[in-house]
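The following note was prepared for a colleague who asked for comments on this entry. The points run from the whole chain to single residues.

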Amino acid sequence: MGKNVTQKLIESHLSVGNMAPGEDIGLKIDQTLTQDATGTLVMLEFEALGLQHVKTELSAQYVDHNLLQEDFKNSDDHLFLRSACKKFGLWYSRPGNGVSHPLHMERFGVPGKTLLGSDSHTCAAGSLGMLAIGAGGLEVAMAMAGEPFYFKMPTIWGVKLIGKLPDWVSAKDVILEMLRRHDVDGGLGKIIEYYGPGLETLSAMDRHVIANMGAELGATTSVFPSDENIRLFLKSQGRENAYREIKADDNAQYDEYEEINLSELEPLIALPSSPGNVVPVREVAGREIYQAYIGSSANPGLRDFAMAAFIVDGKQVHDRVSFDINPTSRQILENMIESGILAKLIHAGARLHQAGCGGCIGMGQAPASGRISLRTVPRNFPGRSGTKEDHVYLCSPETAAASALTGRITDPRTLNIDYSGFKTPETVRLNTEMLIPPAREDENYELDKGPNIKPLPTLQPLPDKLEGPVLLKVGDDISTDEIMPAGAKVLPFRSNIPEISRFTFSQVDLTYYERAMKFQKQGSFIVGGCNYGQGSSREHAALAPRYLGVKAVIAKSFARIHLQNLSNFGILPLIFSYPEDWEKISQGDILSIPDVLNSISRGNNITVINLTKNESYQTLHRMTAYQVEMVRTGSLINLVREKGVEASEKITQES
């Protein structure tokens, strides 16, 4: 039987386990990616593990999230990251160089390689024929040390693309169609592989748009073949020698099948406040808007800005609309200038922002309260934009630009403009100067730690008995943005856990921090619904609650990365055996798990006692033996310190 692309990528990197769905496997990691919102913690973890130098083929650190320098914190942390790259042997992308995902694709992506990143949208590199997975920072730190990445073998979901996109419909509408069909948890436990004749019309950057937002489906990652379109992309970046053809065999099989006829798609839009809340644009056309925002890792290509410029060329956007242009890299910005794209946008009323994540992560460009903001970003979780009561819609650049002109949500097909598609240039202006190569391993550097850099908190081992109050009960699809917000007010404390913990659950309950501090030593519980912890890979959403005393989270189900992050920092993740038991627990109830250490080691079934209501609930954990050891010792860092890297790896191989 022939192999699909995913099987070829996993098989060529498999170091532990068998490629059967649900089995624990370990993969050799060729490259790692970190960005400043998560990478600062990764570097502190790498130091705390006692590690000296990266052992990957390539590791890169990008500064793209925390670019606003309102005081010393971000500036100091940029210098810390620069020094960490020199000390540990990473590439360093300077502030203002751009967003990690398109930059990594342009400069470092190699078909056939594995990439692990401390950002959930690392999966964007699947567009090149890579196996690219987002993970928690501790796992990335271990990969930087040369350790395999361990996870459960997903099922492989083959999505066949046929036909050709109509005028005014783009790659964003393809991934929005997937979200319309399957919602934000439809990809849990799966790798999505796209194949079929429709791929011939999708450029490398079109594929990036689709692969990037596979994270919003909850998928482990998305994979595309490496074909002629990838060769042309790498050639345009001056890296044709990195090309390698990787295609599915003619008789390749998939665990699940789906088909999308590109010719039948229309402009789509995700309504507040979930990427899965998707409807056709025509159904909501006419709603008044305040903002139209173009950019982010979900629409980072030159084409995305060129299409917007084509729509607004020679016109003025509506005087009520903030038309925000967020270039995704300095190289893209230079090409926008050289080609005249930027001049058209600026003349039409665009507000230009520096190359980086910007408004996507709540770093500026916050919309007006109660007004609609159309964005080409990947997520519209509540309050993520920086405005608490935001109304963020996700759409294509075509829909955003058309709506900027009219001041209302507008289907671009109704503008009565003759369509002129974008032809990808064979060559582009390159900018490699803002990437600083690693220092030699024999060079010695000291870490540059400003006053905002604090040591990681000491995390105590799991006690014999857990007992404490349910400090918070939440519903389905709680995101990491709601557990630990991003934005200009919060993220500057990314390297200072005591301070950033003050914002824990602030989007949900402003009293949580003060209540949690009262039970910090005793310990407390969180009760959640389905898909708890969806969204960003930021491990602060596990580490900050852990610092505040959370010992266990009981939920109906967990998002993949957050489940691992909880284990990494010694929080026990439990799943209701009977989901209806969620209804029986109230915030404030006192829960108890007696003899918890023996219980999690003996098996997967754990009894939780509600002392307040004199009830008990059956739960289960799905941790590997390695994860059980993490929780038992208090964290992955504690485990590595206790047993050493080699002994910890042995536990994993035996699990």
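What percentage of the 655 residues of the protein chain count as buried?

1. Burial. The model under discussion is a predicted one. In the protein chain, 64% of the 655 residues count as buried.

2. Overall form. For 655 residues, a compact globule would have a radius of gyration near 26 Å, and the 24 Å of the protein chain agrees with this. The C-alpha trace spans about 70 × 55 × 50 Å along its principal axes.

3. Secondary structure and contacts. The protein chain contains 21 helices and 27 strands. When contacts between residues at least 6 apart in sequence are considered, 77% join residues at least 24 apart.

4. Charge. There are 65 positive and 79 negative side chains in the protein chain, and 3 Å separates the centres of the two sets.

5. Helix α20. This helix covers residues 625-633 and is largely enclosed by the rest of the structure, because seven of its nine residues are buried. The buried positions are Y626, Q627, V628, E629, M630, V631 and T633. An α-helix has 3.6 residues a turn, so residues three or four places apart point the same way. Just after α20 comes G634, with a positive phi of about 110 degrees.

6. Backbone geometry to inspect. Most residues other than glycine have a negative phi, and most peptide bonds are trans.

   - P272 and S273 are joined by a cis peptide bond, with omega about -5 degrees. S273 belongs to the loop between β13 (268-270) and β14 (278-280).

   - S296, which is not a glycine, has a positive phi of about 85 degrees. The residue sits in the loop that runs between β15 (289-295) and α10 (302-312). Its relative accessibility is 1%, so S296 counts as buried, the cut-off being under 20%.

   - D595 is another residue other than glycine with a positive phi, here near 50 degrees. The loop that holds D595 lies between β25 (590-593) and α19 (596-602). Is D595 buried or partly exposed? With a relative accessible area of 36%, D595 is partly exposed.

Note on methods:
Residues are numbered from 1 along each chain as its sequence is written. This is a predicted model: local features need pLDDT of at least 70, side-chain atom pairs count only at pLDDT 80 or more; totals for chains, interfaces and linings use all residues. Side-chain values use heavy atoms; hydrogens and water are left out. Buried means under 20% relative accessible area, exposed over 50%, partly exposed in between (1.4 Å probe, protein chains only). Helices (H or I, at least four residues) and strands (E, at least two) are DSSP runs, numbered from the N terminus. The radius of gyration is taken over C-alpha atoms; the globule rule is 2.2 Å times the number of residues to the power 0.38. Contact means heavy atoms within 4.5 Å. Lys and Arg count as positive and Asp and Glu as negative; His and the chain ends are not counted. The place of a charge is taken as NZ of Lys, CZ of Arg, CG of Asp or CD of Glu.
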